[in-house]
Amino acid sequence: MVEIAVRAVEEDLTALAVDTSTWRWTLTWLEAKPVIELDDGTVIRFNPVDDSATITQPSTAVDDDDEEWI
């Protein structure tokens with residue numbers, strides 16, 4: 001399941017023509033579950049109960065001017 005999520009993220013970045021030649025994935029374990037993070041901040045977490053993976057994209061910074069429309 002995690003392999004599918006990693007492939008999906010990499011395919012999305014390829015489609016966007018983002019230069020990821022220097023980016024790397026980092027695998028860590030949190031509470032006996034794999035957490036995979038890409039250098040841009042994308043995080044993939046595996047849920048063994050559901051046998052699913054959740055992809056969390058990095059948030060973009062919001063400057064003060066952007067908040068005025070809210």
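Which residue takes a positive phi in the hairpin of S3 and S4? The legends below come to this residue in the fourth view.

This is a predicted model, in which local features need pLDDT of at least 70 and side-chain atom pairs count only at pLDDT 80 or more, while totals for chains, interfaces and linings use all residues. Residues are numbered from 1 along each chain as its sequence is written, and side-chain values use heavy atoms, with hydrogens and water left out.

**View 1. Confidence along the chain, given as pLDDT (the predictor's confidence in each residue, from 0 to 100).** The mean pLDDT of the chain is 86, and 84% of its residues reach 70 or more. Confidence is highest in strand S1, at 95, and lowest in helix H2 (residues 64–67), at a mean of 56; here helices (H or I, at least four residues) and strands (E, at least two) are DSSP runs, numbered from the N terminus. Where pLDDT is low, the predicted coordinates should not be read in detail.

**View 2. Helix H1 and what covers its buried residues.** The 14 residues of H1 (residues 2–15) should span 20 Å at 1.5 Å a residue, and the end C-alpha atoms are 20 Å apart, which agrees; the expected span is 1.5 Å times one less than the number of residues. Val2, Ala5, Val6, Val9 and Leu13 are buried in H1, where buried means under 20% relative accessible area, exposed over 50%, and partly exposed in between (1.4 Å probe, protein chains only). Seen down the axis of H1, these buried residues fall within an arc of 100 degrees, so they line one face of the helix; the arc is that of the directions from the helix axis to the C-beta atoms. On the other side of H1, Glu3, Glu11, Thr14 and Ala15 are exposed. The cover over the buried residues includes strands S1 (25–30), S2 (33–38), S3 and S4 (52–56). Just after H1, Ala17 takes a positive phi of about 60 degrees.

**View 3. The hairpin of S2 and S3, with Thr42 in the loop between them.** S2 and S3 run antiparallel and are joined by three bridges, and two strands pair if DSSP finds at least two bridges between them. Four residues lie between these strands, and Gly41 in the turn has a positive phi of about 105 degrees. Thr42 is buried, with a relative accessible area of 1%. Its side chain makes polar contacts with the side chains of Asp40, at 2.8 Å, and of Gln57, at 3.5 Å; a polar contact is a pair of N or O atoms within 3.5 Å, where within protein one must be able to donate a hydrogen and the other to accept it, and residues adjacent in sequence count only if both atoms are side-chain atoms.

**View 4. The hairpin of S3 and S4, with Arg45 in strand S3.** Five bridges join S3 to S4, and these strands run antiparallel. Asp51 takes a positive phi near 50 degrees in this hairpin, which has four residues between the strands. Asp50, in the loop between S3 and S4, counts as exposed at 53% relative accessibility, and a polar contact of 3.2 Å joins its side chain to that of Asn47. Arg45 counts as partly exposed, at 42% relative accessibility, and its bridge partner in S4 is Thr54. Leaving aside neighbours within four places in sequence, Arg45 is in contact (heavy atoms within 4.5 Å) with residues including Leu30, Pro34 and Thr54.
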